[in-house]
Amino acid sequence: RVSNSPKLAILEHSHAYLTVEQEWLDAFAREIRRGGSTKADTVERRSQLMTLFGDLKGMHLPDVLKFIAAGELTGTLTVRQDSIANTVSFRHGLPVYITAKQDGITLTTPESALEAISQIFRWPSGHVTFEQGSIIQTGGVPVELSVEQLILEGTRLVDNWATIQRFVPSLETVFEPRPDCGCQGLPLSDVERRVVSAIDGIKDVRSVAGGLSLSEFETGKSLYTLFAVGVLRTVDQDKVRVRRIFRHLA
């Protein structure tokens with residue numbers, strides 16, 4: 001069903017997209033836990049080792065990274081665009097080596113490697129492969145960081161609404177803190193800390209932006225990063241209405 005309201009139609013499209021993406025991830029996780037293979041040609045198994053592949057147009061990079069971390073997988077994630085192939089190798093779900101090709105730049109420090117690999121979060125398309133059991137060390141820079149730190153740095157570079165709307169589908173979206181995120185100690189920026197402090201499970205994106213005197217895009221970008229890293233989660237609209245009624249009565 002397509003709504004006659006353009007605004008509502010956009011919301012319905014975003015909701016449908018997120019629903020399909022969540023269903024795919026749930027099915028994927030179930031199959032990995034069972035040790036089987038998915039219906040789609042997305043996962044292959046060789047000698048009990050997993051190979052995941054797809055395109056950035058249909059796979060959201062933060063979700064892939066969180067899946068690797070949650071499964072405590074060991075292997076190498078490669079994101080390739082044309083002749084550029086950047087890799088992150090994981091050991092038990094933690095990034096341990098990064099390789100990235102940058103014109104005229106030699107990666108010698110963990111900081112430069114993290115900055116270079118974060119650029120892939122801005123790529124509109126690219127081939128993604130994760131090969132379990134394989135760790136690439138040659139030409140790589142050893143790093144000690146969490147997947148949350150990698151997601152945090154990468155999503156901060158995202159600067160287009162099309163990507164942000166995967167997690168912030170509209171200015172009426174409401175967020176609340178995730179109590180079990182385990183993300184304490186993350187190096188949040190000043191703006192991100194201000195946004196987190198303003199989130200109460202009742203105010204929508206527009207209200208948060210207005211209350212902080214931030215642009216709606218700047219607020220949406222921070223919310224996208226905070227959602228991707230697991231600090232925040234969205235709130236069902238029915239729950240929001242109940243909360244607003246109780247606040248009004250109080």
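Analyst: Start with Glu192. This is a predicted model. In it, the backbone nitrogen of Ser189 lies 2.8 Å from a polar atom of the Glu192 side chain.

User: Is Glu192 buried or exposed?

Analyst: Glu192 has a relative accessible area of 3%. Buried means under 20%, so Glu192 counts as buried. Its place is in helix H6 (residues 190-198). Beyond neighbours within four places in sequence, Glu192 is in contact with Leu152, Arg156, Ser222, Thr225 and Leu226.

User: Which residues does the salt-bridge network join with Glu192?

Analyst: Take the pairs in turn. Glu153 bridges to Arg156, with the closest N and O atoms 3.3 Å apart. Glu153 is partly exposed at 28% relative accessibility. Arg156 is partly exposed too, at 23%. Glu172 and Arg206 meet in another salt bridge, 2.7 Å from N to O. Glu172 lies in the loop between H5 and strand E8 (175-177) and Arg206 in helix H7 (residues 205-212), so this pair ties together parts 34 residues apart in sequence. As for the network, bridges with shared partners join Glu153, Arg156 and Glu192.

User: And the core: which residues touch the most other members?

Analyst: First the general idea. In soluble globular proteins, nonpolar side chains tend to be buried together. Here the largest nonpolar core has 56 residues, and Leu65 and Leu77 touch the most other members. Helix H8 (residues 216-229) gives the most to this core, with six residues. Leaving out residues up to four places away in sequence, Leu65 touches Leu77, Phe90, Phe121, Val147, Leu150 and Ile151.

Definitions and conventions:
Residues numbered from 1 in each chain as written. Predicted model: local features only at pLDDT ≥ 70, side-chain atom pairs only at ≥ 80, totals over all residues. Heavy atoms only, no water. Core = buried A, V, L, I, M, F, W, Y, C linked by side-chain atoms within 4.5 Å. Buried < 20%, exposed > 50% of the residue type's maximum accessible area, 1.4 Å probe, protein only. Helix = DSSP H or I, 4+ residues; strand = E, 2+ residues; numbered from the N terminus. Contact = heavy atoms within 4.5 Å. Polar contact = N/O pair within 3.5 Å; in protein donor to acceptor, adjacent residues only side chain to side chain. Salt bridge = Lys/Arg side-chain N within 4 Å of Asp/Glu carboxyl O.
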